[in-house]
Amino acid sequence: MNVVILGPQGSGKGTQAQLIAEKFDLEHIDMGKFLREVALLNTPLGKEINEIINIKKELVDDKILKKVLHLKIQDLPREKGIIFDGVPRREDQLAYFEEAMIKFGRQVDRVILIKLSEKESFQRIAKRRICEKCKKVFILGKDIQSETEKCPVCSGKIIQRIDDTEEGVKKRLKIFQQETMPVIKYYEAQDNIIEINGDQIIKKVFKDILKQLKKIYD
Ligand SMILES: [Zn+2]
């Protein structure tokens with residue numbers, strides 16, 4: 001089974017991807033995380049990515065993303081299913097994503113779209129804090145109790161990001177909708193989309209996903 005999971009920031013997409021990977025023994029491909037891993041390698045591609053994300057602090061282009069995606073998939077045995085976390089997210093990624101899938105004899109069985117309301121998104125992001133140094137994200141009232149606490153990982157200062165405001169949230173949700181629309185439409189035409197209400201608690205969201213995914217086997 002190959003699954004794609006999409007959702008705006010704060011939708012709990014990463015957590016759900018992890019839970020699905022464990023449940024169905026899938027490889028969890030989080031492109032952001034994998035890029036950071038490749039950036040540590042002493043290879044031409046590793047150095048190139050390190051230069052972009054760690055030195056220039058820019059986003060990598062689709063040409064590199066394509067290379068990295070191929071690198072990741074080619075190492076996996078074909079019988080091992082994959083959950084793609086946050087990719088393909090834009091129309092320009094869709095073409096090379098589908099190309100890679102065909103090349104490696106795979107197909108997308110389901111695309112899970114976690115929907116999050118503006119209201120819930122505001123409430124979640126208002127509680128988000130981030131370590132200035134190691135960039136680990138914490139939820140106020142859950143992972144940390146006060147904003148004056150130091151990062152438990154690296155003792156860095158914990159801050160609220162400037163774009164974690166209502167305006168920033170609105171803008172990000174809008175960009176997410178615009179960017180993913182063509183991807184959603186593409187998979188909708190194949191009757192492959194599962195829409196999940198992301199306003200619920202983690203357990204309930206996961207339950208809803210399982211219910212939908214089980215239909216593939218029944
Ligand atoms: Zn830290």
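Biologist: How many helices and strands does the protein have?
Modeller: In this predicted model, the chain was divided into its secondary-structure elements. The count for the protein comes to eight helices and eight strands.

Biologist: What radius of gyration does the protein have, and why does it agree with a compact globule?
Modeller: Along its principal axes, the C-alpha trace spans about 50 × 45 × 30 Å. For 218 residues, a compact globule would have a radius of gyration near 17 Å, and the value for the protein agrees with this because it is 18 Å.

Biologist: What share of contacts between residues at least 6 apart in sequence joins residues at least 24 apart?
Modeller: Contact here means heavy atoms within 4.5 Å. Among the contacts of the protein between residues at least 6 apart in sequence, the share that joins residues at least 24 apart is 68%.

Biologist: Is Gln-16 buried or exposed?
Modeller: Gln-16 lies in helix H1, which covers residues 13–24. A residue counts as buried under 20% relative accessible area, and 43% of the 218 residues of the protein do so. Because the relative accessibility of Gln-16 is 2%, this residue counts as buried.

Biologist: Which residues are in contact with Gln-16, leaving aside its neighbours within four places in sequence?
Modeller: Gln-16 belongs to helix H1, and its neighbours within four places in sequence are left out of the list. The residues in contact with Gln-16 are then Ile-5, Ile-114, Ile-202, Val-205, Phe-206 and Ile-209.

Methods
Residues numbered from 1 in each chain as written. Predicted model: local features only at pLDDT ≥ 70, side-chain atom pairs only at ≥ 80, totals over all residues. Heavy atoms only, no water. Helix = DSSP H or I, 4+ residues; strand = E, 2+ residues; numbered from the N terminus. Buried < 20%, exposed > 50% of the residue type's maximum accessible area, 1.4 Å probe, protein only. Rg over C-alpha atoms; globule rule 2.2 N^0.38 Å.
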